[in-house]
There are 2 protein chains.
Amino acid sequence: MRIGELAKATGTKAETIRYYEREGILPAADRTDSNYRDYSDEHLATLIFVRRARALGFTMAQVRELLALSDHEDKPCRDVDQLVQRQLGEVTRKIADLTSLQDELQHMLRSCQADRIGECRIVESLARPLR
Amino acid sequence: MRIGELAKATGTKAETIRYYEREGILPAADRTDSNYRDYSDEHLATLIFVRRARALGFTMAQVRELLALSDHEDKPCRDVDQLVQRQLGEVTRKIADLTSLQDELQHMLRSCQADRIGECRIVESLARPLR
DNA sequence: CTTGACCTTGTAGTTACTACAAGGTGCATA
DNA sequence: TATGCACCTTGTAGTAACTACAAGGTCAAG
């Protein structure tokens, strides 16, 4: 699979894919005789993962950490455990925030369909008292 | 409430708060006699909202749109409805992805606590077939 | 054998901050 | 009264994570 195909399949710019390779986010692809990058299905899966994780607000550093979990055979279980705990906490917090936002958007939709403007509590949906 | 206090309360740099004001994300604060910015509880709520939304992967443009929903009295219901539908779709997709990631992280934690290294499917958790 | 879509490396621009610097004001406290 | 800290302004520059463009090479279709 060449870079353009991979780009299309993932909605990523070819430039961004090469950037990920430079940054070590995506492993370097094999090269064809004419020096073109030749991607595998694993590359595809990793890139989809990276793009989703980025869209969910994870930094590159966090994405790197998450990817590193993939080959945790060589690391002590305790370290992996700690990292996973930390990521899990962040994921759970994000889900809570998004669910709250979802509730509010659904509420707005209902009141809009009823054709009467209800109070909009969208800011409050995320700005409720800190946990 | 002065800028330093607001910064502390929200974990935002004072520079960033002034930047948000320049960008029109945060309404300009009142000024004291000595020209200090004087923030209200609404400012606080808005800033918490902005920071959370940004952490959830929304762009500044999307945050602007979401904030605009707060004063939708002056806009036709149909427009608001469309925007809300769109945002709702994105929020729902994010929740699905995060839930999938959460499942995988929890699975890793269990297998780690059992002190045997299980297969890591973290990439697959987000890279499953596109919907 | 040319056209156009692809590929390469490299540089520069964009977004959303973040950090200084320089120079000034406000205000509590030793 | 002096010290020191938080704040004000404008401005420049750095960072992260892309994104675009330039200059030139490769390749399959018509």
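What share of the contacts in chain A with a separation of 6 or more comes from residues 24 or more positions apart?

1. Residues 24 or more positions apart supply 46% of those contacts in chain A, a contact being heavy atoms within 4.5 Å.

2. This is a predicted model, in which local features need pLDDT of at least 70 and side-chain atom pairs count only at pLDDT 80 or more, while totals for chains, interfaces and linings use all residues. Residues are numbered from 1 along each chain as its sequence is written, chains are lettered from A and ligands numbered from 1 in the order in which they are written, and side-chain values use heavy atoms, with hydrogens and water left out.

3. Chain A contains 6 helices and 2 strands, in the order α-α-β-β-α-α-α-α from the N terminus. Helices (H or I, at least four residues) and strands (E, at least two) are DSSP runs, numbered from the N terminus.

4. Chain A has 131 residues, 46% of them buried (under 20% relative accessible area, 1.4 Å probe, protein chains only).

5. Around DNA strand C there are 19 residues, with I3(A), G4(A), R18(A), R37(A) and M60(B) coming nearest; a residue is near the strand if one of its heavy atoms lies within 4 Å of it.

6. Phosphate oxygens of DNA strand C lie 3.1 Å from a backbone N or O atom of I3(A), 3.1 Å from a polar side-chain atom of T16(B) and 3.2 Å from one of R51(B).

Conventions. Buried < 20%, exposed > 50% of the residue type's maximum accessible area, 1.4 Å probe, protein only. Polar contact = N/O pair within 3.5 Å; in protein donor to acceptor, adjacent residues only side chain to side chain.
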